[in-house]
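Here are a few notes to read alongside the model.

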Amino acid sequence: MLIKGEDIVKDCVVEFPVDMVILAVGLVPSAGTRELAAMLRVPVESDGWFQELNYNGDPTETERGGVFVAGACHAPKDIPDTVAQASAVAAGVLKSISRGKTVSSRADMNLTSIEARAKSLRLQ
């Protein structure tokens with residue numbers, strides 16, 4: 001297998017033989033991630049992704065009751081992992097709805113308080 005490309009710094013075509021090629025795109029959190037995390041009071045990891053409550057025990061729940069993470073807001077994920085996490089989040093939301101509240105061992109947060117906080121931040 002031969003790779004052909006362009007070195008735009010040297011302005012020339014380059015070629016080199018390879019045994020394997022892996023194509024990957026870098027992924028970073030959105031520019032507004034930290035602002036949204038502050039508004040929802042959800043911690044972010046050092047690299048900027050939303051932080052889950054417990055990677056092994058509660059990988060879709062956060063410290064904030066009623067706020068869940070799934071897919072690429074949590075970290076780069078492939079489609080099967082994202083679908084599995086989204087299903088887990090849907091189950092968590094249904095559990096909260098059936099109880100009429102979020103898990104009480106974490107900070108309770110309802111839609112009204114989320115909307116009020118979002119409106120107050122937007123007015124600032």
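This is a predicted model: local features need pLDDT of at least 70, side-chain atom pairs count only at pLDDT 80 or more; totals for chains, interfaces and linings use all residues.

**Notes on the fold and its details**

1. Residues are numbered from 1 along each chain as its sequence is written, and side-chain values use heavy atoms, with hydrogens and water left out.

2. Of the 124 residues in the chain, 23% are buried (buried means under 20% relative accessible area, exposed over 50%, partly exposed in between; 1.4 Å probe, protein chains only). The chain exposes about 9,000 Å², with carbon and sulfur atoms supplying 58% of that area (Shrake-Rupley method, 1.4 Å probe).

3. Contacts (heavy atoms within 4.5 Å) are worth a glance too. Taking those between residues at least 6 apart in sequence, 31% join residues at least 24 apart.

4. The structure holds one salt bridge, meaning a side-chain nitrogen of Lys or Arg within 4 Å of a carboxyl oxygen of Asp or Glu. Glu15 and Lys4 form this salt bridge, and their closest N and O atoms are 3.7 Å apart. Because Glu15 sits in strand β2 (residues 12-17) and Lys4 in strand β1 (residues 2-7), the pair ties together parts that are eleven residues apart in sequence. Glu15 counts as partly exposed at 48% relative accessibility, whereas Lys4, at 60%, counts as exposed.

5. Which residues of helix α1 are buried? In α1 (residues 33-40) they are Thr33, Ala37, Met39 and Leu40. Viewed down the axis of α1, the buried residues fall within an arc of 160°, so they line one face of the helix; the arc is that of the directions from the helix axis to the C-beta atoms. Just after α1, Arg41 adopts a positive phi of about 60°.

6. Do have a look at Gly65, which lies in the loop between α1 and α2 (79-99). Is Gly65 buried or exposed? Gly65 has 3% relative accessibility and so counts as buried. The C-alpha atoms of Gly65 and Ser96 are separated by 9.3 Å, with the two residues 31 residues apart along the chain.

Definitions and conventions. Helices (H or I, at least four residues) and strands (E, at least two) are DSSP runs, numbered from the N terminus.
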